[in-house]
Amino acid sequence: MTAIVGINGIGKSTLLRTLGKVQPQLSGKILVNKKPLEHYTPLALASEISVVLTEPIASKNLTVLELISLGRQPYTNWIGSLDEEDKHKIRAAISMVQLEPLQHKKCYELSDGQLQKVMVARALAQDTSIILLDEPTSHLDLYHKVHILKLLKHIAHETKKTILYTTHEIEIAIQLCDKMLILEKDRSSFGEPCELIRQQSFERLFPSDTITFDPISGSFKII
Amino acid sequence: MNDHKKYKVPFTVLGIVLLLCFVINISLGSVSIPFSDTMKIIFGAEATNNSWKYIIWNYRVPKAFAAILIGSGLSLSGLLMQTLFRNPLAGPFVLGISSGASLGAAILIMGSSLMGSLFSFSFINDISLAIASSIGSFLVLLAVVVVAARVKDTMALLIIGLMFGSITGALVSVLSYFTNAEKLQQYIYWSFGSVGNLSWNQLLMLLIIILIGTLISVLCIKPLNAFLLGENYARSLGVNLKNSRFFIIIATGLLAGGITAFAGPIAFIGLAVPHLTRQIFNTTDHRILLPAVLVYGAILMLLCDTIAQMPNSSSVLPINAITSIIGAPVVIWLLLRKRKMIF
């Protein structure tokens, strides 16, 4: 599990959306399983990468179950009927994110945080080797933030998935992530959180006259 | 989603209601024919009065079929547009698609008298009228699609649709200013909208157009469902955005354009029926909505036509007046509803 951090406007979401082919790449090369991203058909890519974006879904009239079931679309037939395996994957995704009590609710009845959990479950139901999440925990309270991230970490380790997410909660990321990518204006650092702390990468993130980084506790202090 | 059984009951009920509406529509009209005789004529028995038989088979039955086709087709095109534009207020009439068809028809009917000597397309037959209004509706639809890609706002899109309607309306006025009275009258009658006056041949053409449109829509059910999440999510689910958008637009244009060609611009059915359907079938799944909308649209159109016919009187109200009386309140209700802009 990897977190992308950086200040506002540095391009965290842009990077994530480019990796997910949500927006076109400007330059450079993206390889998925050693194959260039642009060589994938939308359908082939859909069974490799699933995304959770910050933009609201178009129809809030979907029920939670319908929304999560849409995650199975890459695998269903021309009209989208779900077979036993699909239903099993959907049930598994729902129980992993603990959404059983909500599954027959409409999306407009949910809070922002609940909706975010639903979107995570949809990505899980899509059952891809890579999951990209754009600020998946921004609307959640501390407990649910940690709950979702721990769950994602568990899934990443258990099923050998790659989970990449953008976040502003650097302190939580330091504690939970296997790797972190710090985006800065002229350079980026990538590595294990402890490694990055040793390299004093977090100190450079914010102007040192307002916020400093305490390497021992792994947290930021306001001056 | 998985339990399709729970939709069997509403579908059976709707089917029975459709049949009932069909029978009622046929048995009522300007000439009063006893119900028992109507039944006899439909089931091929000898009727007491031969002119009744003629009225029913050559006037009322084609009209009822036309109402079914028009109601279904317009409602389906409304459903497609609402999902495509992710806009609960989208519909062929509101977004100016019908006005585009009107412009096409106006240019054909009235323009031919202006340029009659230059172009000798003075033959205004069903096919040329269908082609002209389909082209008109496609052009406006494409313009709306281009604009919709730029504005994300629901209201802005509606206002733009309204403006397209105004532009085509203005062009029609210019045309009608220069045309002769006879052609103008022909156009105005067309623009009132009517489900009657269609021959069996015209009905067959309409049927073919609507079947093609419906077939394309059925093949698009999966992308339509994915579009409910928004385009970016749809792409991430493996939907080929360009292709599916293209096919949905083709289906919408065929349905809305073809129907407007034969029946004139008919207001609000395309907008209102998908919403009314969602009230019964509490789902967003197009596998359920698509057939439901077809049946519901047919029922509503049959009812509107029965009312417009003003049973037992010789006068006929313009069908547009009736559909607007039913459809416009639906729009108001949509805007007043607490959780508005949800579709």
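1. Helix 1 of chain B passes helix 3 of chain B in a right-handed crossing (left-handed if the near helix is turned anticlockwise from the far one by less than a right angle, right-handed if clockwise). The axes of helix 1 (residues 8-27) and helix 3 (residues 50-84) of chain B come within 9 Å and cross at roughly 140 degrees; axes are lines fitted to C-alpha atoms, for helices over the stretch in contact, and angles run from 0 to 180 degrees between N-to-C directions. Helices (H or I, at least four residues) and strands (E, at least two) are DSSP runs, numbered from the N terminus.

2. On the helix 1 side of chain B, the contact (heavy atoms within 4.5 Å) is made by B:Phe22, B:Asn25, B:Ile26 and B:Ser27. Helix 3 of chain B contributes B:Ile56, B:Arg60, B:Val61, B:Lys63, B:Ala64, B:Phe65 and B:Ile68. By class, the contact of these helices has 7 nonpolar, 2 polar and 2 charged residues (Ala, Val, Leu, Ile, Met, Phe, Trp, Tyr, Cys and Pro count as nonpolar, Asp, Glu, Lys and Arg as charged, and the others, Gly among them, as polar).

3. The model is predicted: local features need pLDDT of at least 70, side-chain atom pairs count only at pLDDT 80 or more, and totals for chains, interfaces and linings use all residues. Residues are numbered from 1 along each chain as its sequence is written, chains are lettered from A and ligands numbered from 1 in the order in which they are written, and side-chain values use heavy atoms, with hydrogens and water left out.

4. At the interface, 30 residues of chain B are in contact with 39 residues of chain A. The two chains bury about 2,900 Å² between them, 59% of it on carbon and sulfur atoms; buried area is the accessible area (1.4 Å probe) that two parts lose on being put together, summed over both.

5. Chain A has an open sheet of 6 strands in the order 4-5-6-1-7-8, with mixed pairing (two strands pair if DSSP finds at least two bridges between them). Strand 4 (49-52) and strand 8 (188-191) of chain A are the edges, each pairing on one side only. The twist averages 15 degrees from one strand to the next. Strand 5 (residues 130-134) and strand 6 (residues 162-166) of chain A run parallel, joined by 5 bridges, with A:Ile131 opposite A:Ile163.

6. Helix 5 (residues 112-125) of chain A lies across strand 4 and strand 5 of chain A, at about 175 degrees to strand 4.
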